[in-house]
Amino acid sequence: MTAGFEYDGYAADKLFNQGFSFTYDDVIFLPHYIDFPTDAVSLSTRLSRNITLSVPCVSSPMDTVTESYMASAMAAVGAIGIIHSNLTPSQQAQMVRSVKSRRVPVLSNPVVKSRDSRIFDEFDDGSVPCVLVTESGNADSKLMGYVTKADWFGLDDKEMKLVDYMRTTDSKMVVPWSYDLGQIDEQLKQVETDFVVLEKDGGVVDVVSKAEVDRVKGCPKIGKGTVGPDGKWMVGAAIGTRQSDKERLELLVKSGVNAVVLDSSQGNSIYQIEMIRHIKQTYPELDVIGGNVVTMNQAQNLIKAEVDGLRVGMGSGSICTTQEVCAVGRGQATAVYKVSTVASQNGIPVIADGGIKNSGHIVKALVLGASTVMMGNFLAGSTETPGVYESQNGCLIKKYRGMGSLEAMTKGSDQRYLGDTAKLKIAQGVVGMVADKGSILKILPYTMQAVKQGFQDLGAYSLLSAHDLLRSRTLRLEVRTGAAQAEGGVHGLVSYEKKAF
Ligand SMILES: NC(=O)C1=CN([C@@H]2O[C@H](COP(=O)(O)OP(=O)(O)OC[C@H]3O[C@@H](n4cnc5c(N)ncnc54)[C@H](O)[C@@H]3O)[C@@H](O)[C@H]2O)C=CC1
Ligand SMILES: O=c1[nH]c(=O)c2[nH+]cn([C@@H]3O[C@H](COP(=O)(O)O)[C@@H](O)[C@H]3O)c2[nH]1
Ligand SMILES: [K+]
């Protein structure tokens, strides 16, 4: 090497072995050599040993982030959602089934009734285009007719039974559940109603409105979705490590869940290791993701217990107070790099969980060894999250809360916090509000384009190639001083508008 050029950034092993806990903002990659276009970058990856994704993103199992709409939309863009467990096992299993019974990421709220029932306030929710009448009065049953909003408002006697004024269905209104958006759009042109009904095995599964089809059509073109060998969308679910979680797991498996995440802040425990063993013995086909871990030692224990994936992050989440409350955790960049180092030697994919604020953080997490990023805040407030929007100073906002916040704990996860001996409830998270972000069907395609540009700057055309650059010490990085971080942000302007896309 030419004299004077010896130092040009550190290799990752040197930077991360100095006793500092670094996070994404602390470090910066030095650019490398570009010899391919952005479009040549592939972000395809693995969530866990047996699950491949075309988009390296996972929605967090939090009750203000991932229920069935979010999981459907994540699968539709090629990512995956993990349904939270702050509800009853049967409700969680029903959400898994709901994801698996749809192939278009639309929001729908089907109201299904029997012929002898009446309509009361069902049309108050503006999103309901019709009330469906089925043989049994429930979904998964034969469609007998329907009532539109206009029919209901035009009715003199609101006490009438549905059977006395419902419309009979035209066969063109009913389409197979596996129809894609284009096919549903074509079908909508052939019917008088502004909705079609999706059917599976002779029973009603969903209703899709024209307004929703138009909304989804307006999003950037969706790539390959995350579909399992059965042709259904893939979905994960969170469970705990208590005895009762074994029953929850049984229901989830019966509903076709593709992976389970053992949801804990400190995964290196006897409880988790026993649960992994139970799952591997009882459901050898099911991928189990362990965590959370932040050290190589924690990771090694779970790898020994044969986990199929590791979730990394302790206290790095935007709503987390674990590091303040318990004094335990690790800077997320260091945690991801360290755990990925042992995980990669064992072929186990790593999920970098928490602390993602922008596309640059996603590039950093993936290049430092993760296979996917898990996000709460980045997706919170989007159209697909649970909860309702409120208006504040002319802006729409939605709730986003930690699963260890007092509010979330009192809703359902009480038991985990009030263990047999612990009588006092201590929060490790907060409740907050976030701004409306629009649909993830838009956010994720744009974000992934930005991530591809970051990979291109580094000369990495895939995650595998990025990890090769990292481990071969070709990738160079440095720590940014406070002033360098300020310089890397926008500065010196009286005012500005920041629009990412
Ligand atoms: N990633 C992070 O930094 C953090 C995440 N969280 C989130 O909060 C939620 C709750 O997390 P944790 O409190 O860590 O849940 P957890 O269920 O792992 O632990 C709660 C308590 O129950 C105990 N426990 C678990 N299984 C047991 C068993 N079979 N028998 C006896 N005791 C048992 C644990 O040791 C712990 O004291 C999760 O959604 C988690 O993701 C909370 C704090 C930090
Ligand atoms: O200390 C914590 N207390 C909590 O109440 C809590 N709830 C969630 N999580 C973790 O934070 C991750 C989401 O982080 P972001 O909002 O930064 O995406 C999630 O994916 C979790 O790992 C918590 N951590
Ligand atoms: K935090």
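Residues are numbered from 1 along each chain as its sequence is written, and chains are lettered from A and ligands numbered from 1 in the order in which they are written. In this predicted model, local features need pLDDT of at least 70 and side-chain atom pairs count only at pLDDT 80 or more, while totals for chains, interfaces and linings use all residues.

**First selection: the annotated site**

Select the residues that an unreviewed UniProt entry annotates as "binding site", including Ser318, Asp353, Arg401 and Gln428. UniProt positions follow the numbering used here, feature names are shortened, and annotations may be inferred rather than shown by experiment.

**Next: Arg401**

Arg401 sits in strand E20, residues 395-401. Helices (H or I, at least four residues) and strands (E, at least two) are DSSP runs, numbered from the N terminus. Arg401 counts as buried because 23 other C-beta atoms lie within 10 Å; the cut-offs are 20 or more for buried, 12 or fewer for exposed, and partly exposed in between, with C-beta atoms placed from the backbone. Leaving out residues up to four places away in sequence, Arg401 touches, among others, Thr64, Ile319 and Glu407. Contact means that the C-beta atoms, placed from the backbone, lie within 7 Å.

**Then: Gln428**

Move to the loop between helix H13 (406-417) and strand E21 (431-435) to find Gln428. Gln428 is buried too, with 22 other C-beta atoms within 10 Å. Beyond its neighbours within four places in sequence, its contacts include Ser265, Gly402 and Gly404.

**Last stop: Ile443**

Finish in helix H14 (residues 440-458), where you will find Ile443.

How values were computed:
Two residues are in contact if their C-beta atoms, placed from the backbone, lie within 7 Å.
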